[in-house]
Amino acid sequence: MKVWSIWIRIAPVLLAALAACAPAATPTLPPSPPTVPPAPTQTTMVLEPTVRYTLVTGAGTGKLNFVGRGGDIDGQANPVLTAQPGDVVEITLVNGDSILHDLTIDEFNVKTPQIQNLDETAKVTFTVDREGEFFYYCTVPGHRQAGMEGVLRVGNPAAATEAPSQAVSVVHNPADLPGPIGRRAPQTVDVELTAQEVVAQLADGATYSYFTFNGTVPGPFVRVRVGDTVNLTLHNDTTSTLGHSIDLHAVNGPGGGAVYTQTLPGETHAFSFRALNPGLFVYHCATPSVAHHIASGMYGLILVEPEGGLPPVDKEFYVMQGEIYTVEPFGTQGALTFSMEKMLAEDPEYFVFNGAAMALTTDENALHVNVGDSVRIFFGVGGPNATSSFHVIGEIFDRVYPFAALTSPPLTDVQTVSVPPGGAAVVEFRVDVPGRYLLVDHALSRLERGLVGFLLAEGAEDPTIFSGTLTEGSGH
């Protein structure tokens, strides 16, 4: 028993000693990661330009434009840049007028940083991968509209790119209007109009499906005198898809004539009215949706001269303002489509004089006068929604007939006249010095949407009226 008791007492001690003498267990280590070879050095491909151009903003011209520097484009304003498919094009932009500028070409996702300091430069290099004509322009608000736009022509884009620039035009030349009636007696006047639906150029590279009278926007300028009997005949072209009609604000009678002229494609309707009130009146289509037909171009002016006619002037012009509502955002290329939603929200993409964006800025459609000319503009708003604040930058209207009330005394020395949709005004002024004058709606953000026209005056300078040193960067 003693031996067993002793063993019980010493056994734990012996076991502890044995454990202390046992070799330590070897810990299990995680496997080593596989050896990864170093990544190969990546080389960034540098595009070596095959075509190089330098453009200078302004370049001492006093205008908002791009001027070529060097080579065949030296000194050219907004030169045509050329390349072939596959070329690597480098364009260097130099600030020549200390105004904020950039250069963008949408189709190739090209945009320089904006530069403002004199002689500051920016450069873009890109590959042209297809034929066509592509616009380069400045994105600073107002600069493109004032003239900072040119063309990059790649290859020989005959059919593909000529279509937009040579699309049918609906622009009514502002000088296209009948002459004064004067002092003749009342008589019967026959007027024939044709409703025509036309796909035509709305802006550079963009077309729109217009509704028109006689193929232009606005329609023909109708000129009669008070007391005349007017026989009006409306044809609807056989190619039309919709019915059309006409409501003349010069008519005393239901619908202004629309009740007699709801005309289906291929049909003709007529009615007569006597011109009882002198004035300048809007006419327009009155077929539902009336606003849609107006927004698409179906409006014009009819002048009912007072007895004895209007005082003579050297030049008369016909200008109307309207809005166009497209599904596609402003500046989209291709065929644009009408948006009922935007029209109902009164949110147009384009504002236009005489039917198209920038329509009256070409040499063909600008208003041409000489220094010393007395000028009369018959101005109306087709709408359908926006009121115009009509203004000629650099001129003061000597006489204004607000609301075209020709038998009321005119206002004198007026800077800007408000004209509501479906309304008109007559403005008169004398041109004193040569230059380019801008026709605008003085809600000037609309200029960014294509609403501007040019009045070009030629003749001798008169430093007693206007003189100074030309500065650069004017948007005028």
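**View 1. Arginine 130 and its salt-bridge partner in the predicted model.** Arginine 130 is partly exposed, at 34% relative accessibility. Aspartate 129 is its salt-bridge partner, with the closest N and O atoms 2.8 Å apart. Aspartate 129 counts as exposed because its relative accessibility, 54%, is over the 50% cut-off.

**View 2. The salt bridge between aspartate 373 and lysine 315.** The closest N and O atoms of this pair are 3.3 Å apart. The pair links distant parts of the chain, 58 residues apart. Aspartate 373 sits in the loop between β21 (367-370) and β22 (374-383), lysine 315 in strand β18 (residues 315-324). Aspartate 373 is buried, at 11% relative accessibility. Lysine 315 is partly exposed, at 26%.

**View 3. Arginine 399 and glutamate 428 in a salt bridge.** Their closest N and O atoms are 2.7 Å apart. Glutamate 428 is buried, at 3% relative accessible area. Arginine 399 is partly exposed, at 33%. Shared partners join Arg399 and Glu428 with Arg223, Glu305, Glu316 and Arg376 in one salt-bridge network. The structure holds 15 salt bridges.

**View 4. An open sheet of five strands.** The strand order is β15-β13-β10-β11-β19, with mixed pairing. β15 (268-274) and β19 (334-336) are the edge strands, each pairing on one side only. From one strand to the next, the twist averages 30 degrees. β10 (residues 188-203) and β11 (residues 206-213) pair in the antiparallel sense over eight bridges. Valine 199 has serine 209 in β11 as its bridge partner.

Methods:
Residues numbered from 1 in each chain as written. Predicted model: local features only at pLDDT ≥ 70, side-chain atom pairs only at ≥ 80, totals over all residues. Heavy atoms only, no water. Pairing = 2+ DSSP bridges. Helix = DSSP H or I, 4+ residues; strand = E, 2+ residues; numbered from the N terminus. Axes fitted to C-alpha atoms, helices over the stretch in contact; angles between N-to-C directions. Salt bridge = Lys/Arg side-chain N within 4 Å of Asp/Glu carboxyl O. Buried < 20%, exposed > 50% of the residue type's maximum accessible area, 1.4 Å probe, protein only.
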